[in-house]
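Please open the structure in a viewer and keep the selection tool at hand. The tour below names what to select at each stop and describes what is found there.

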Amino acid sequence: MKADLHIHSFYSYDAIAKPESILAAAADRNINIIAITDHDTTAGWKDFNELSKKYPVEIVFGQEIKIYDNNKLVGEVVCTFLKDKIKGHDLQDVISQVKEQDGLVSIAHPFSERRVEFNAFAEITNWTDIAIEILNGRSYNNRDNEMAANLAQRLNTPITAGSDAHTPFEVGSCYLEFMGKTPQDLKEAILHHDVVTNGKPSKMFYSLISGFGRLGIAV
């Protein structure tokens with residue numbers, strides 16, 4: 001089974017992908033499970049719920065959240081397997097809320113040169129159930145993903161992967177492979193280090209066109 005655990009719909013301010021376009025793309029590319037991780041919002045969950053029966057794709061609900069320390073941006077985390085919206089931007093508070101929902105926190109693109117690198121590692125003392133995203137579809141420099149993979153190996157953390165799609169054209173570019181059928185099987189496979197990453201980053205061109213989302217354009 002294949003799972004893309006980092007996808008943005010047009011409910012993210014910087015994305016242009018309609019929910020149905022995302023689901024259609026996932027089905028066409030044989031991606032069995034997708035995680036909807038819009039920036040700081042759950043506004044798209046209702047649309048995906050309503051559309052889910054039309055496509056052979058399981059949906060995991062989540063958010064990508066910017067983390068601040070003393071009003072300074074120190075990175076982003078992807079929270080998945082959620083039931084309710086996560087509030088706030090303090091790392092420990094976010095982790096606590098996710099754990100209350102039996103969800104999963106993943107450090108997103110921790111060494112991305114195009115975005116703020118994650119600078120709150122010292123705040124995490126227990127990596128047993130905190131994952132590191134070691135393959136991100138918008139980390140165009142191989143160094144970024146390689147450094148993330150090396151760190152995960154050194155810390156012996158769970159790993160995740162995702163396209164970080166902001167357009168439907170990127171869905172499924174990077175994904176996890178696992179044995180199982182359900183989102184619960186996927187979560188357990190991640191926590192038991194029984195997943196394999198696959199795929200490669202998409203074209204940088206898609207980062208440029210996704211910016212049209214700020215103008216209300218969607219495809």
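**The sheet**

Begin with the open sheet of 5 strands, whose order is S3-S2-S1-S9-S10 and whose pairing is mixed. Strands here are DSSP runs of E with at least two residues, helices are runs of H or I with at least four residues, and both are numbered from the N terminus. Two strands pair if DSSP finds at least two bridges between them. This is a predicted model, in which local features need pLDDT of at least 70 and side-chain atom pairs count only at pLDDT 80 or more, while totals for chains, interfaces and linings use all residues. Residues are numbered from 1 along each chain as its sequence is written, and side-chain values use heavy atoms, with hydrogens and water left out.

Select strand S3 (58-61) and strand S10 (195-199) next: they stand at the edges with a single partner strand each, so one side of each has no neighbour in the sheet. From one strand to the next, the twist averages 30°. Angles run from 0 to 180 degrees between N-to-C directions, and axes are lines fitted to C-alpha atoms, for helices over the stretch in contact.

Now display S9 together with S10; they pair in the antiparallel sense over 5 bridges. Cys-174 has Gly-199 in S10 as its bridge partner.

**Helices across the sheet**

Select helix H1 (residues 19-28), which lies across strand S1 (2-7), strand S2 (33-36) and S3 and runs at about 155° to S2. Contact means heavy atoms within 4.5 Å. Then select H5, which lies across S1, S2, S3, S9 and S10 and runs at about 90° to S9.

**Gly-180**

Gly-180 is placed in the loop between strand S9 (174-178) and helix H5 (183-191). Leaving aside residues up to four places away in sequence, Gly-180 touches Met-1 and Asp-185. Gly-180 counts as partly exposed because its relative accessibility is 27%; buried means under 20% relative accessible area, exposed over 50%, and partly exposed in between (1.4 Å probe, protein chains only).

**Two loop residues with positive phi**

Most residues other than glycine have a negative phi. Select Asp-40, in the loop between S2 and helix H2 (45-51), where phi is near 55°, a positive value. Asp-40 is partly exposed, at 28% relative accessible area. Move to His-109, in the loop between S6 and strand S7 (130-136); its phi is near 30°, also a positive value. Is His-109 buried or exposed? At 2% relative accessibility, His-109 counts as buried.

**The largest pocket**

Select Tyr-13, Asp-14, His-39, Glu-76 and Arg-115, which lie nearest the centre of the largest pocket among its 19 lining residues. On a 1 Å grid over the protein atoms alone, a pocket is an open set of points with protein on both sides within 12 Å along at least five of seven lines; a cavity is a set where a 1.4 Å probe fits but cannot get out, and lining residues have an atom within 4 Å of a point. The largest pocket holds about 290 Å³ of space. S5 gives the most to its lining, with 3 residues.

**The largest cavity**

Finish with Leu-5, Val-78, Thr-80, Leu-104, Ser-106, Glu-133 and Thr-160, which line the largest cavity. Strand S5 (72-80) and strand S6 (104-107) are the elements that give two or more residues to this lining.

Definitions and conventions
Points joined across faces, edges and corners; volume = space filled by probe spheres on them.
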